Amino acid sequence: MPLVRIDLRKGSPAGFGAKVGEIVYRTMAETINVPPKDNFQIIAEHGAAGLVYDPEYLGINRSDAIIIIQITLNAGRSLDMKKAFFKTLAERLHQELGVRMEDVFVNLLEVVKENWSFGNGVAQYAS
């Protein structure tokens with residue numbers, strides 16, 4: 001169960017955030033075994049003061065077109081799966097939407113399964 005947050009600067013073309021979301025979901029399904037229909041996303045646009053980043057941290061030259069993607073998901077994916085996800089996602093966003101690979105910032109936040117409730121006040125994954 002991933003919960004995806006996609007944050008980007010205001011001023012993107014109409015539907016751009018949704019297209020990013022589609023690419024994120026497709027890439028998760030293909031690289032880190034996210035099941036069909038397991039697609040929950042929050043897509044938000046921010047003004048300059050609402051999206052703060054360092055334009056040169058770790059020697060990566062970022063621009064105001066930065067997209068910050070944070071994914072909360074169950075723990076257990078291998079390092080190789082995560083690396084494949086990061087690489088494939090940046091490449092697809094670049095190829096399909098023209099996003100600079102330097103502007104793709106991704107954070108995975110792993111949690112244990114019992115930390116989810118999908119509705120009805122029930123912890124569906126709790127044993």
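Predicted model: local features only at pLDDT ≥ 70, side-chain atom pairs only at ≥ 80, totals over all residues.
Select Leu-79 to begin: at 55% relative accessibility this residue counts as exposed (exposed means over 50% relative accessible area, buried under 20%, and partly exposed in between, with a 1.4 Å probe and protein chains only). Leu-79 belongs to helix 2, where helices (H or I, at least four residues) and strands (E, at least two) are DSSP runs numbered from the N terminus.

Residues are numbered from 1 along each chain as its sequence is written, and side-chain values use heavy atoms, with hydrogens and water left out.

Next, select helix 1 (residues 16-31) together with helix 2 (residues 79-97), which pack at an angle of about 145° with their axes 9 Å apart; the axes are lines fitted to C-alpha atoms, for helices over the stretch in contact, and angles run from 0 to 180 degrees between N-to-C directions. To inspect the contact (heavy atoms within 4.5 Å), show side chains including Phe-16, Val-20, Ile-23 and Met-28 on helix 1, and Phe-85, Leu-89, Arg-92 and Leu-93 among those of helix 2. By class, this contact of helix 1 with helix 2 has 11 nonpolar, 3 polar and 5 charged residues, with Ala, Val, Leu, Ile, Met, Phe, Trp, Tyr, Cys and Pro counted as nonpolar, Asp, Glu, Lys and Arg as charged, and the others, Gly among them, as polar.

Move on to Lys-37, in the loop between helix 1 and strand 2 (40-46), where phi is near 70°, a positive value in a residue other than glycine. Lys-37 is exposed, with a relative accessible area of 78%.

Then go to Asn-120, in the segment after strand 4 (104-111), which also has a positive phi, of about 65°, although it is not a glycine. Its relative accessible area of 81% makes Asn-120 exposed.

Finish at Arg-9 in strand 1 (residues 3-9), which counts as buried at 17% relative accessibility. Its side chain makes a polar contact with the side chain of Asp-64 at 3.3 Å; such a contact is a pair of N or O atoms within 3.5 Å, of which, within protein, one must be able to donate a hydrogen and the other to accept it, and residues adjacent in sequence count only if both atoms are side-chain atoms. Leaving aside neighbours within four places in sequence, Arg-9 is in contact with residues including Glu-45, His-46, Leu-51, Tyr-53 and Ile-66.
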